[in-house]
Amino acid sequence: MKYTLKKLATLIVSLLITSVLTFTAFQIIPGDSALNALGMDATKEQLERYREEMGLNKSLPIRYINWLKGALKGDFGYSTQYQMQMKAGTLIKERLIVTIWLAVMSFLLIVVISIPLGIFSAGKKNGILDSFITLITQFFMSVPPFFLGMLITLIFGIILKWFTPGSYINPWENFGQFLRFMIFPAIAVAVPKIAMTVKFLRSSLLREMELDYVRTAKSKGMTKTRILIRHILKNALIPVVTFLAMMLADILAGAILVEQVFNLPGLGRLLVSSIANRDYAVVQAIILYIVSVVIIINFLVDLIYQWIDPRVKRD
Amino acid sequence: MKKMVKIKGKTYHLNYILGLVITSLVLLIVIIGFFYTPYDPNTMNAALKNSPPSLMHPLGTDNFGRDILSRVMVGAGTTYVIAVSIVLIGAFFGTVVGALTGYFGGWLDEVIMRFNDVLTAIPSILLALVFVSIFGPGTYNIIFALGILFVPSYARVIRSEFIVLRERDFVNNAKLMGAGSLRIMFIHILPNTRNVLIPALLIGFNNAVLAEAGLSYLGLGVQPPQASLGRMLSEAQSYLLDSPWYALAPGLMIILTVLGFSLISGGMGND
Amino acid sequence: MTNYETLLSVENLSVGVSDKRKINTVIDNISFEVKKGEIIGIVGESGSGKTMTALSVIGLLPPSVKILSGKVNFHGKNLLTIEDKEFRRLRGSEISMVFQDSMTSFNPLLTIGAQVEEMLRLHSKYEKEEYKALTIEALAEVGLSKPQEIYQKYPHQLSGGMRQRAMIAMAMITRPKLVIADEPTTALDVTTQSKILGLLKKMNEKHGTSIILISHDLRVIQSICDRAIVMKDGKIVEAGPTQELFSDPENEYTKKLLAAIPVPFSKNSIMSNDIQNEIFIRNLERSGNTLKKDIPDPAEQKNRQDDILMIKNLNVFYSENGKRLLGKRSRKQVIHNMTFSVKQGETLGIVGESGSGKSTLAKAIVGLNKEIEGIININDGATEGLVSFLSKPQMVFQDPYGSLNPTKKIGWILEEPLKLQTKLKKKERLAKVNEIIREVGLSTEHLKRYPSQLSGGQRQRVAIAASLIVNPKLVILDEPVSSLDVTIQAQILRLLKDLQKKYNLTYVFISHDLNVIFQICDRVCVIYQGEIVEMKEAKELFFRPDHEYTKELLKSAMLISKNCCHI
């Protein structure tokens, strides 16, 4: 209980710090948001009125609290990059689905492919195959995800014609098509992460195999397979769990880049265009979302940890 | 047995040698690029727009008619300089912070570590994007932004080492010899972290290369007309169907740069 | 209960490690037998090949180690040539092993119960409930109280002694014919050691299990083994019934090993002091050690008048390295109200088991631990000056691997204290370094090397040199020889003694090993849970102890004779 409470406290503090930092960061930007919104031709009264309405004249802490209150409800103010008066929150909600799907699909790919591959490569230690596998994993870790996306587009889209580049379709219009298209950007995001996870799992397994309790297990007369499954695997997977949680942050980063390659209407592209257009309300909101998600997931992983590893003290 | 190669009596892994070879090649290209390129990388030649690889232009020309080979050479150089600067900033400040917090501990350590935890939870591209959105794009801005972003991971690595090492008896011995804290931290303890620090530097370099490429690809890093591998890739995207060589060259260059160091650090780890 | 049937017979076994092109022989043509119901000891120092022998018998040699020749006959089968599948069947059911480090030898993520039970599940067929019941029974048999609770616990939740018992339970649950125990007591406290050995003996008597007991510690071997084999450099140098081997050894090496333990204490010794003295002196002469001067030199008596170290009402605390954010640091009091003094030129021994606080005391005396209340008064007349400089008390640490900076050359390590504490110029510093390295029995060649290139004994010499190079008058030594082989121990102790005489040093010598204390200390102080329990002249303490705890310590440390052990 104490452990959980402690982690919960850390969670809340982290989230608060994040919100404060995110908010403050955009307050130091030079430039007047009223001017930005209304343009150079606006009169002084118009600018004043805008400022009144937006609450820009109040002090920093009050503005922060107002913003936070809105954020918790999903209201982030108005976006300034489109002609119509769009609420930032609405924009984000539209794009959220795509990015979430991309992240989830990538994650599934990673888990499903890395674990068997990792076990396999650990088994082939010290063979020529092993050097080769190492080479391949290093190679795929060296490929920037957006370049990989381009290669995939080139090879599978243009040359092999397995999909048509740019033919993104909304999930509620045709879910099957949506999936069939999304698999390719998901692969682009996943491949470098798969390489990293395989490498990590392999070294985790190899490290476990050197430990004394494996020798004890052998002395009891167990077969190698049994030792692997019943003893080593569980122990080796524990650090991998944290690793995958950290990976989540990377997946989101990769998603941002890959969305650009495949022209997906996701959070990533929205973020980039918002930065270019100085639509700070949207930028703030997206940053807050993504960071919060990462922190919350890390918190959940910490919680899970105490159930899988008995050495973690739980009072 | 892992494939080993014997050179002058010492055995090395094949991958390690491969890494050295690749990195040397890339370095060679980069260094040459500082002094000489076949064409001026910024000279446009409308007549030769998007031409495929030929004897005159071994890697073809881009959509402005500029020679791709020259641009790749210079772009690789830019990437190298940026990446090295980022790692130097991150490693230097990270080591100082890590050493201080690891050695002394206390409440300052707690605070800094919480801070660190929050920072490392966030994808670095995101933070870089925040920074860029506040201060604007540009080469120096991303060096600064990414450099600062790299500090927490080095701090964490060095800190863990220091926490372990400060309990060792040779540190106690150093205190008895009369060494002051600073001397103990940086002359006695720090050299013992090299097994961890050096691979971290190599990995950091790779991450910096990839991060810079990503930012430039998004248009937020190195600004035109300066050549940058990431930027070239984003320009190449529109021409993928017709002129695939435009994308392949810079992409391959990035891969080789990162792969080279990867293999070297991998080879070091296994020895 | 010996049945004269041979259970295991090793014939001309040779085993080697391939190192580049060559083969290094690790075991060189050894042969021995284990009879049913017998306990055999294999004794030797590190590198003697004893562990490799054990691993060869149970078939767990690491892949880089190859069998070169020979047979290992077990129950009519040659273990070196049988099929893997069959060997696996034998392992755990007929032959099992108990390892040295019980913490790492158990899987940290599975309960003790699950792991012990696994042995049953692998080799026999029972009903589900029976497995658990039999496991709990096995845990009770090895002396674990509340076995049902232990069943649910994880390895890190048990103490070292309890874990070792659990490992024995795991090895015995299938009633194997042969149990190999590799240094089963080395990681344990002296009092726990004798209990574990007693347990092994009980298993042997109750179930007729043969045991191969491996140890570097002669006293362990002497305690429960019927016969013993002495190994050195992969060969068997001597073998025979334990009593004979120990009381009348033939081989030179065996004699050397025995002589490193000076006093053949026997438990029921109500021998008079004179007889014990005689035995002691005879042993010393045999081994060529003349460490102690029985008759104090009158001139030196005078030197001893002054107190160099005075401790009064000392309390020492230890806090966890400041982790708590909100000021709640857990502070334990380790030393309670201690008072004693040390005279110039003498060697004071501090004896206690692990957890008694001796290391904390040492650190407090030299100033590494500043959380103290009370008085530590050091009167070593340290004066500043170019030529005769004296320094604060120095310390020699236990672990020669950890006390020297692995990234610095020996020369640098020795020069550093001079750089920091004196105003000598580079040439003068180097001269001093050269001088001291020879004093400790090494050469200037060693100055160019890194610690990893020296042996344990050499490293400890360097550590001694480093502490002496600044001319301290008082040196604290914290278990300086505990991690060294017995023969090297004797050399280092002699070095310390010589240096003490030459430079008129005062030593505070901390150890848990009573025999080492006895060899070098004038007075001895026994510590238990942070308090002084008894403090006397060494001989007085050993032959006429007063306090109960001292008696307990002595009893456990003595060569435990066959008839003594109770669990």
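1. Chain C holds an open sheet of six strands with mixed pairing, in the order β15-β16-β17-β13-β18-β19; strands are DSSP runs of E of at least two residues, numbered from the N terminus, as are helices, which are runs of H or I of at least four residues, and two strands pair if DSSP finds at least two bridges between them. At its edges stand β15 (394-396) and β19 (531-537) of chain C, each of which pairs on one side only, and the twist averages 20 degrees from one strand to the next. The model is a predicted one, in which local features need pLDDT of at least 70 and side-chain atom pairs count only at pLDDT 80 or more, while totals for chains, interfaces and linings use all residues. Residues are numbered from 1 along each chain as its sequence is written, and chains are lettered from A and ligands numbered from 1 in the order in which they are written.

2. Within this sheet, strands β16 (residues 474-478) and β17 (residues 506-511) of chain C run parallel and are joined by five bridges, with I476(C) standing opposite V508(C) in β17(C).

3. Helix α14 (residues 358-366) of chain C lies across β13 (347-351), β15, β16, β17 and β18 (523-528) of chain C, and runs at about 155 degrees to β16(C); such angles run from 0 to 180 degrees between N-to-C directions, with axes fitted to C-alpha atoms, for helices over the stretch in contact.

4. Between chains B and A, the contact takes 36 residues from chain B and 43 residues from chain A, where two residues are in contact if their C-beta atoms, placed from the backbone, lie within 7 Å. On the side of chain B that touches chain A, α10(B) gives the largest share, nine residues.
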